[in-house]
Amino acid sequence: MQKQSKAAMLEKKAKKQQATREIGICLLLFLLLIAMAYGANNRIEVSEYTYRTNALSVSFNQFRIVQLSDLHSKMFQDQNADLLREVRVLEPDVIVLTGDFVDGATHTNVDNTLIFMQQIREIAPCYYVSGNHEYYLDKAVREGFENRIADYGIQVLNNETVQLASDTGQTLSLIGLDDLSLQANILKTLSDEAPDDFKILLAHEPQYFSDFYADAGVDIVFCGHAHGGQWRIPFLNQGLFAPDQGLFPKFTGGEYQEGDTTMYLNRGLGNSAFPLHLFNHPEITCVTLQTVADSSV
Ligand SMILES: [Fe+2]
């Protein structure tokens, strides 16, 4: 009887130790997940690309375009100091801002975005197009926001084309498409009427790449909106979900080619209703133009 009771006690002790081990492992995994999630949502990555072309004056050689997108009013630590430093180090000639800088779904904070817009403008000339989230704001709030950033010196492109000039005065055309006009024929008209043969398009949503942007005859497109597919599958370069594309979307982040058009799709800086990115860091895109003298590109 005494032996049985001792065996039972030993078994009980072993079970308790096992349970303690399992709780410890779960806790460690949970902490690891928290650390990964924190890193995935706060450690900024820079994706650098070289775009080689013989269609531009050599004066655009090494012209650097930095793209930021989908901030969703996120404030990185210390008033965005890390983010601004990363951009500054890239020494951009221009900065393009491709929409959803406010969040109209869960955490609207226009003031956070305005603080950022005022600071980013100090680094280089900035060009902005709206995303769908700017349109979730009341009309008066959206217009007030656009007026304020215009006051800071950011050029708001609502279906407009401007010319970017190199140091020696050669130009290329930069077209900015308002988010509500993504599918409309207005892009073809803007492209046809652009004053330069070489055209760069800013448009928030990437799912129109093949059917609209490439068809319009632009050379480069900068997009955002897909947030990298929220959670990315390591080693497969595949995101899980993107708005307007659903599960396992085609366009989530990186460089895409359709005919003569190249799209750079930025994974964004902040989150919206889907609050957590995994294996998917906030991203800055930097494209350096490299001009070549002949067609052997
Ligand atoms: Fe968006």
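Analyst: Lys74 lies over the face of Phe76, at 4.8 Å from the ring centre, where a charge sits over a ring if NZ of Lys or CZ of Arg is within 6 Å of the ring centre and within 35 degrees of the ring normal. This is a predicted model, in which local features need pLDDT of at least 70 and side-chain atom pairs count only at pLDDT 80 or more, while totals for chains, interfaces and linings use all residues. Residues are numbered from 1 along each chain as its sequence is written, and side-chain values use heavy atoms, with hydrogens and water left out.

The iron ion is coordinated by Asp100 through OD, Asn132 through OD1, His204 through NE2 and His225 through ND1, at 2.0 to 2.2 Å; donors are N, O and S atoms within 2.8 Å of the metal (3.2 Å for Na, K and Ca), and sites may look incomplete because water is not among the atoms. Along the chain, these donors follow the spacing D-x31-N-x71-H-x20-H. Asp100 lies in the loop between β3 (94–98) and α3 (110–120), and Asn132 in the loop between β4 (126–129) and α4 (139–151), so the pair ties together parts that are 32 residues apart in sequence. Helices (H or I, at least four residues) and strands (E, at least two) are DSSP runs, numbered from the N terminus.

The angles that the four donor atoms subtend around the iron ion run from 89 to 168°, which makes the arrangement irregular. Four donors count as tetrahedral if all angles lie between 85 and 135 degrees; four count as square planar and six as octahedral if opposite donors are over 155 degrees apart and all others between 65 and 115, and anything else is irregular.

Asp100 is buried, with a relative accessible area of 1%, and Asn132 is buried too, at 12%; buried means under 20% relative accessible area, exposed over 50%, and partly exposed in between, with a 1.4 Å probe and protein chains only.

Turning to the aromatic rings, the structure holds 10 aromatic pairs. The rings of Tyr208 and Tyr213 have centres 6.4 Å apart and planes at 75°, so this pair is edge-to-face. Rings of Phe, Tyr and Trp (its six-membered ring) pair if their centres lie within 6.5 Å, with planes under 30 degrees apart counted as stacked, over 60 as edge-to-face and the rest as tilted. Both Tyr208 and Tyr213 are buried, and elsewhere ring pairs link Tyr49, Phe222 and Tyr264 into a cluster.
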